[in-house]
Amino acid sequence: MTARPFLPYGRQTIEDDDVEAVVAALRADFLTTGPTVAAFETAVAEKVGAAHAVAASNGTATLHLAMMALGVGEGDVCIVPSVTFLATANCARYVGAEVVFADVDPDSGLMTPGTLADALKRAAGRRVKAVLPVHLRGDVVDLPGLKALADNAGAVLVEDAPHALGSTAVFGNEAMTVGDCRWSAMASFSFHPVKTIATGEGGMLTTNDAELAARLRSLRSHGMSRPAGADPWVYEMAEPGFNYRLPDINCALGLAQLAKLDRFAERRRALAARYDELLTPLGPTVRLARSPEGSRPVLHLLTVLIDFAGADATRADVVRRLAEQGVGSQVHYIPVHTQPYYRARYGELDLPGARAWYERCLTLPLFPGMADDDVDRVVDALRDALGF
Ligand SMILES: *Cc1c(COP(=O)(O)O)cnc(C)c1O
């Protein structure tokens, strides 16, 4: 038997033209702060249908920049779903704001108008400045529903969208693309290698607000700006920013990758459909995470919900048995409100939706380089691991 390659839960797809694009960038005049940055920004803005895009060194940096650009600070509250990556919550803490964790729908893992309304109740009497829904796995949250509640609370909606590049949705009879910011102030993306397109490290904010875009650009580079008409050496700093720039080398890779987004998306959709078909006989012990009404995802994560107790198995056993068969898996995510830092800061909090999600979730391999029979292999390994 030939050894079959290990299937991680996610990985980049790098092809010859991606390599050539990076090599060309290395031979060009600018390794950073050159014209490829603006070219990548424009390409992303066009692809998602936003007026502006601002690149940054990674997704976490984009979230930090978003909080600074909105003037979020001490005394403010940000509402964040508990089922997300740490950075969604941490960005509020970077600027001194407090986090109120929203619960999630136990079957989709997403913040809903119901769970946001509950979080707003818990935040009552405090100044809620931002609400940061996450399009977990690539499924699109109910943006119009969340926006109505955020508006009513005087808060701004910022989409944490690293999972959802290429995802679309239809709400009522309005179609949208994630990143077009039809219902939000900004959307944040990451190009970490496991995400839908890769630049190594990298991130992007999209917005339709020219003033916000200018502020983000300034904060990304030390808070510096060049006053119009001033002498050529003159720069001004109105407030301290950071060095959160994305080099031209990474932007060149980003441009090459973005050109393949439709193909990557189609492949992800086909693989997800095959999972759906092969996993159906394993129900109700194993079910795909639920896609909410209106969402047309390009799935970043193929997450299943498993009744481990019903299958008389532990998740640790299943993860180990899958690994023995060369199948990677991951848990997205440990609810952030249970992290030691947040428990120490805010005390014990019971979020039953997040708990029910966390107890059952497991992410299986999904990336464009997988073959159809890799899906069969994963599902066979899962059958074995669960004793089907
Ligand atoms: C990946 C990710 C981030 C952070 O992006 P980095 O580029 O790794 O800093 C933030 N939020 C979510 C939901 C993510 O998946």
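This is a predicted model: local features need pLDDT of at least 70, side-chain atom pairs count only at pLDDT 80 or more; totals for chains, interfaces and linings use all residues.
The chain is divided into domain 1, spanning residues 16-258, and domain 2, spanning residues 261-386. When taken over C-alpha atoms, the centres of domain 1 and domain 2 are separated by 25 Å. Contact across the boundary involves 41 residues of domain 1 and 40 residues of domain 2.

The largest nonpolar core comprises 91 residues, among which Met 67, Ile 79, Val 131, Leu 132 and Phe 189 touch the most other members. The greatest contribution to this core comes from helix H3 (residues 59-69), which gives 7 residues. Because residues of both domain 1 (16-258) and domain 2 (261-386) belong to this core, it lies between the two domains. Apart from this core there is another one, formed by 29 residues that include Leu 7, Ala 272, Val 318 and Met 370.

The largest pocket holds about 510 Å³ of space. Its lining is made up of 26 residues, and those lying nearest the centre of the pocket are Phe 85, Leu 86, His 163, Lys 195 and Tyr 333. At least two residues of this lining are supplied by H3, and at least two by helix H4 (86-94), while domain 1 and domain 2 each provide at least three. Divided by class, the lining of the largest pocket contains 11 nonpolar, 12 polar and 3 charged residues.

For the second largest pocket, the space amounts to about 240 Å³. This pocket is lined by 15 residues, of which Ala 272, Leu 288, Pro 297, Leu 299 and Leu 302 are the closest to its centre; Ala 272 is also a member of the core of 29 residues. Helix H9 (261-279) and strand E14 (302-306) each supply at least two residues of the lining of the second largest pocket, and the largest share, 5 residues, comes from H9. By class, the lining of the second largest pocket consists of 8 nonpolar, 2 polar and 5 charged residues.

Definitions and conventions
Residues are numbered from 1 along each chain as its sequence is written. Side-chain values use heavy atoms; hydrogens and water are left out. A nonpolar core is a set of buried Ala, Val, Leu, Ile, Met, Phe, Trp, Tyr and Cys residues joined through side-chain atoms within 4.5 Å. Buried means under 20% relative accessible area, exposed over 50%, partly exposed in between (1.4 Å probe, protein chains only). Helices (H or I, at least four residues) and strands (E, at least two) are DSSP runs, numbered from the N terminus. Domain bounds come from an automatic or database domain assignment. On a 1 Å grid over the protein atoms alone, a cavity is a set of points where a 1.4 Å probe fits but cannot get out, and a pocket is an open set with protein on both sides within 12 Å along at least five of seven lines; lining residues have an atom within 4 Å of a point. Grid points are joined across faces, edges and corners, and a volume is the space filled by probe spheres set on the points. Ala, Val, Leu, Ile, Met, Phe, Trp, Tyr, Cys and Pro count as nonpolar, Asp, Glu, Lys and Arg as charged, and the others, Gly among them, as polar. Contact means heavy atoms within 4.5 Å.
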